[in-house]
Amino acid sequence: MSDSLPWLAGSLLLVLALCLLRRPLRSLLRLLARTGVGLAFLSLFAPLGNFLGVGLGVNLFNALVLGLFGAPGFGLLMLLKWTLRT
């Protein structure tokens, strides 16, 4: 019985922490999923964008901007690329 007491207490604390952090974890997982979709969009857009001369880099920062802002984020990235072109 005394061997299972630390496991029981640890499990109880884990369940309590997950209940308290449910909303922040849900938001974080949603952002992670949206970032993954943004990364997939960037990788699909890369060949077409390079052909048209408006290619964006396929990287985590661009995917995170797309995950946070969606379609307006794509416009923001395109505007930023146009503004900072050399």
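Predicted model: local features only at pLDDT ≥ 70, side-chain atom pairs only at ≥ 80, totals over all residues.
The protein has four helices and zero strands. Read it along the sequence and you get α-α-α-α.

Now the overall shape. The C-alpha atoms fill a box of roughly 70 × 20 × 20 Å along the principal axes. The radius of gyration is 21 Å, whereas a compact globule of 86 residues would come in near 12 Å. How much of the protein is buried? Buried residues are 20% of the 86. The accessible surface is about 7000 Å². Carbon and sulfur atoms hold 75% of that surface.

What about contacts along the chain? Take the contacts with a separation of 6 or more. Of these, 47% join residues 24 or more positions apart.

Next, the inside. Which residues make up the largest nonpolar core? There are seven: Leu42, Leu56, Ala63, Val65, Leu66, Leu77 and Met78. Helix H3, residues 60–69, and helix H4, residues 71–83, each give two or more residues to this core. H3 has the largest share, with three residues.

Pick one core member, Leu66. Leave out residues up to four places away in sequence. Leu66 then touches Gly38, Phe41, Leu42, Gly73, Phe74 and Leu77. Two of those names, Leu42 and Leu77, are also on the core list.

Stay in H3 for a moment. Asn62 lies in this helix. Is Asn62 buried or exposed? The cut-off for buried is under 20% relative accessible area. Asn62 has 9%, so Asn62 is buried. What does Asn62 touch? Setting aside neighbours within four places in sequence, Asn62 is in contact with Leu42, Leu56, Gly57 and Leu77. Leu42, Leu56 and Leu77 are core residues.

One more from H3: Leu68. Again, skip residues up to four places away. Leu68 touches Leu31 and Arg34. Now look from Leu68 to Ser4. They are 64 residues apart along the chain, and their C-alpha atoms are separated by 44 Å.

Over to the surface. Eight names to find on the model: Leu13, Leu14, Leu16, Leu18, Leu20, Leu21, Leu25 and Leu28. Together they form a nonpolar patch with about 800 Å² of accessible area. Which helices supply this patch? Helix H1, residues 5–20, and helix H2, residues 22–52, each supply at least two residues. H1 gives the most, with five.

Leu13 sits in helix H1. Is Leu13 buried or exposed? Exposed means over 50% relative accessible area. Leu13 has 59%, so Leu13 counts as exposed.

Last stop, helix H4. Trp82 lies there. Its relative accessible area is 52%, so Trp82 is exposed too, by that cut-off of over 50%. Now find Phe41, one of the residues that Leu66 touches. Trp82 and Phe41 are 41 residues apart in sequence. In space they are 19 Å apart, C-alpha to C-alpha.

To recap. Four helices, zero strands.

Conventions. Residues numbered from 1 in each chain as written. Heavy atoms only, no water. Patch = residues over 30% accessible without salt bridge, like charges linked within 9 Å, V, L, I, M, F, W, Y side chains within 5 Å. Areas by Shrake-Rupley, 256 points an atom, 1.4 Å probe, with all protein chains shown as cover. Salt bridge = Lys/Arg side-chain N within 4 Å of Asp/Glu carboxyl O. Buried < 20%, exposed > 50% of the residue type's maximum accessible area, 1.4 Å probe, protein only. Rg over C-alpha atoms; globule rule 2.2 N^0.38 Å. Contact = heavy atoms within 4.5 Å. Core = buried A, V, L, I, M, F, W, Y, C linked by side-chain atoms within 4.5 Å.
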